[in-house]
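Me: I'd like a close look at one part of this protein, with the rest as background. Please keep it brisk.
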Amino acid sequence: MLAMLTADWFPLGRDIYFRKFELYPLSFQDEVSSNNVLVAAPYGGSIAVTRNSKKLVKVQGANKPTIYLYTSSGKLTAKLQWSGGQLILLGWSQQEELLCVEDDGMVHIYDMFGTYQHAFSMGNEVKDTKVVEAKFFVSYSGTGIAVLTSTNRIFLVNNIVEPKVRQISEIPRYGGQIECWCLVHCDRETRVILSNRDGIFVIHQSHQTATHIPFDNLFTRHNKVFTIVAMAVSGNNRHIALYTDTGHLYMGTIDFNEKYCEHYTNMKEPLENIAWCGTEAVICSWNSTVMVIGRTAETIIYTYDGPVHLITEIDGVRVLSGSSHEMIQKVPNVVQKIFRINSTDPASYLLEASKQFQKRSHKADSYMDLVKDKLDPAIKACIDGAGHEFDFETQKLLMRAAKFGKGFSKTINPEYYVNMCRTLRVLNAVRHPAIGIPLTYTQFTILTSQVLLDRLVARRHYYLSIQIARHLQLPEIDGESRILAHWACYKVKQTQLDKEQIAEEIADKLGYAPGVSYSEIARRAADCGRKQLAIKLIDYEPRAHQQVPLLLTLGEERAALRKAVESGNTDLVYTVILHLRENMPLGDFQMSIMHCPLAMALYIKYCQNHNRETLRDIYNQYDDFHSQAIWFITESYQRKNTMSREALLQSAQENFKLARNDTNAALTEEQIKLLRYQRSMEDVLKKPIVGKPLQDTVKVLLLRNEYKLADKLRSEYKISDRRYWWLRIQCLAEQGVWNELEKFSKSKKSPIGYEPFIDQCLKYNEEREAKKYLPKVRDELKVKYLVKLKMMNEAVQTAIEQKDVNALTYLLGQCETTDRQLIDKINMYITSLKN
């Protein structure tokens, strides 16, 4: 059994083995040909095949080439009739988009079903000088592209999603035309490695300087080298291989500081492909021969019936021939330890113990004795080994051994075993020929389950994606809901289906699953020209802030307004109102919001702050005389309307009368009279008083000693005695005429008391004047005002005479802490009064 498992292993140096096994049988005799260009996406992605425009081939029909798209299992998924200019290069992005580069620098992007997505240009200089060669590379931000023009200049874009064209300016010209070149992305920068007759040049994008490496520094064991015909960089961007026109291969580090080996292939045919197989070997192909060269110069040779094509993967190389799709990879260390002949690894003993146990043999116990000290690592090794195997039976064999070992371990965590069972089931499902994604366990680990689901969704395998998401127990928002949303977006594009049927089917499948946005699905339907379907789908969207903008985009203004009002979100209502106002005639706009009280109220509020003329038109349209009157009053007191204030107030009075609001009309009339009176007084007072309130006007007159005029205003506008006395006291104090103030206090009994006299005197620091009014202060306020005048002893005596405990307590709080005698006196009287 072990001999059969290692039958496809080949040694390549000490303790290093490589293996070649079939992924899928194919019938690609016409596709894998020197007359065709064949490119495949990494991670088991799709394959694109088209005619090689550089080869002279007899064609029938249209001269434009056809691009055929296949899965890795050879299933045709789409045909694309190329209608652009001359194709320079085909390739795939990290998101499995087909990239087509034309000779004028245009890069066209298609999905894996040949549907056009978008395009971008590499710049005018590239367009004018034409592209002679192009390369794709992987950068830290995505898929990059570089082009070489006929003028020996290189332009590159580090990310096709956000194309920013940069020129590699320091190209060495003195060595002639660039013969071979490649791109390396490391340390967050892109380097260009190129060769010409003078040797190798390494150009850093960041500091744009070239490092020259002569051929003699690299090739030391053989004849002089003049030309490099091919370069290959490993998947981790740390190793490089160079192939010369004389058949010599150089392998070393990417910085050329260390050479692994220098090997003469002894092949006279021109090289077809070169690729790194992981990091331990380089694979070269010539027509029907494939050679694996290790870092110590050992080789393995495979012979095929016809041409082959190499596809670089992170952990191996896929080989496409006319009859099969195969994988060459270094045998993983864990698998090598388990299955290598005469292996003494604990995992190998555990596997043998499991097999003997299945045979019901007592030898199982003997093997378990050999492994019991290292049981947990052996179980883990069997689980890991199963992950690296493609054959179902080998997977079962190793997982059965791990399960057998788990029964004897008290410390092993079963979660690792369970996760690997789930992972293997997923990998086996996507490797099935109907799906055609031959992922290895290493690739799956790097890719992650989320990206794998995205790739299945892009291939429209929705049911399988949902089953995998459930099987891996992914959160619903990241798994099933997201997949169903993608399915719905695809479904709305099916124009042959009825809109009612599609809407009901989508709603039935999706329900209100978390993470599902019906508005996004409706937007996709609208983009496809299916407006009515989009409107129906919007009804299922529970979030109004997602519904309303899309309804406005679709021209459904009334529905948008209704949804916004129903949501109770005033910001949404404002959004709709402002959209309607900008995009509809005024009459239609007002009719639209007339029957919606909330919308009308919010629009009126908006106009109050931003468009008052429109506000007046609305009041006028609705015969709202009271609001019109308020509008005129508000306008009359705007600074810009000082000269027309009287006219505006008269309009306000008329509208109050029309509104039958006689009180406000009378008040407005009094305001107009005051305005006229103020205008007449300005000439006498030589001071602007127009627009001042009645109280301020009287105060101005009192300060100017115009007592008769002040009394006239007082009687005409019925100013109360209390207010008038207060104004008179303020003005006399402000003028500092204390004798007049004293006379005024004696003219008649004050309607507001005599406390304001004291307050005004103290305001201007006239304590002596203030004391004159103390005898007239009311008894209940006398203590408070004695404190204000800092007459603490008199205040205490007054409180004692009044037998007022509260007043004494108040005084206690006003005493200085240093006046212990007064404090003791107050405390004594408080105690005696309480008793």
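What percentage of the contacts in the protein with a separation of 6 or more is accounted for by residues 24 or more positions apart? After that, take me closely through the salt-bridge network that links Glu742, Lys746, Arg768, Glu769 and Lys772.

Reply: The answer is 47%: that is the share of contacts with a separation of 6 or more that comes from residues 24 or more positions apart. Contact here means heavy atoms within 4.5 Å. This is a predicted model, in which local features need pLDDT of at least 70 and side-chain atom pairs count only at pLDDT 80 or more, while totals for chains, interfaces and linings use all residues. Residues are numbered from 1 along each chain as its sequence is written, and side-chain values use heavy atoms, with hydrogens and water left out.

First, the background. The protein has 835 residues, and 50% of them count as buried (buried is under 20% relative accessible area, exposed over 50%, partly exposed in between; 1.4 Å probe, protein chains only). The fold contains 35 helices and 29 strands (DSSP runs: H or I of at least four residues for helices, E of at least two for strands, numbered from the N terminus).

Now the network. Five residues take part: Glu742, Lys746, Arg768, Glu769 and Lys772 are linked by salt bridges (a side-chain nitrogen of Lys or Arg within 4 Å of a carboxyl oxygen of Asp or Glu). One pair can be followed closely. The side chains of Lys772 and Glu742 form a salt bridge, 3.3 Å from N to O. Glu742 is in helix H29 (residues 738-747), and Lys772 is in the loop between helix H31 (767-771) and helix H32 (779-788), so this pair ties together parts that are 30 residues apart in sequence. Lys772 itself is partly exposed, with a relative accessible area of 33%.

Two other pairs are worth a look. Glu262 meets Lys259 at 2.9 Å, N to O. Is each partner buried or exposed? Glu262 is buried, at 3% relative accessible area. Lys259 is partly exposed, at 33%. In the second pair, Lys135 meets Glu133 at 3.4 Å, N to O. Lys135 is partly exposed at 25% relative accessibility. Glu133 is also partly exposed, at 28%.

Covalent links between side chains come next. The structure holds zero disulfides (pairs of cysteine sulfur atoms within 2.5 Å). Cys284 has 0% relative accessibility and counts as buried. Cys421 is partly exposed, with a relative accessible area of 32%.

Asn273 is in strand E23 (residues 273-277). At 18% relative accessibility, Asn273 counts as buried. Setting aside neighbours within four places in sequence, Asn273 is in contact with Ile283, Cys284 and Ser285, and also with Val308, His309 and Leu310.

For a helix pair, go to H9 and H12. From H9, the residues Arg422, Arg425, Val426, Ala429 and Val430 take part. They meet Leu464, Ile468 and His471 of H12.

Some loops deserve a check in your viewer. Thr115 is in the loop between strand E9 (106-110) and strand E10 (116-121). Thr115 counts as partly exposed, at 40% relative accessibility. Beyond its neighbours within four places in sequence, Thr115 is in contact with Ile109 and Tyr110. Its C-alpha atom is separated by 9.6 Å from that of Leu98, which is 17 residues away along the chain.

Two backbone angles also stand out for a look. Asp15 is not a glycine, yet its phi is positive, at about 60°. Asp15 is in the loop between strand E1 (9-11) and strand E2 (17-25), and it is partly exposed at 47% relative accessibility. Lys803, again a residue other than glycine, has a positive phi near 50°. Lys803 lies in the loop between helix H33 (792-801) and helix H34 (805-814). Lys803 is exposed, with a relative accessible area of 64%.

Start at Lys772 in its loop, then cross to Glu742 in helix H29. From there, pick out Lys746, Arg768 and Glu769, which belong to this network too.
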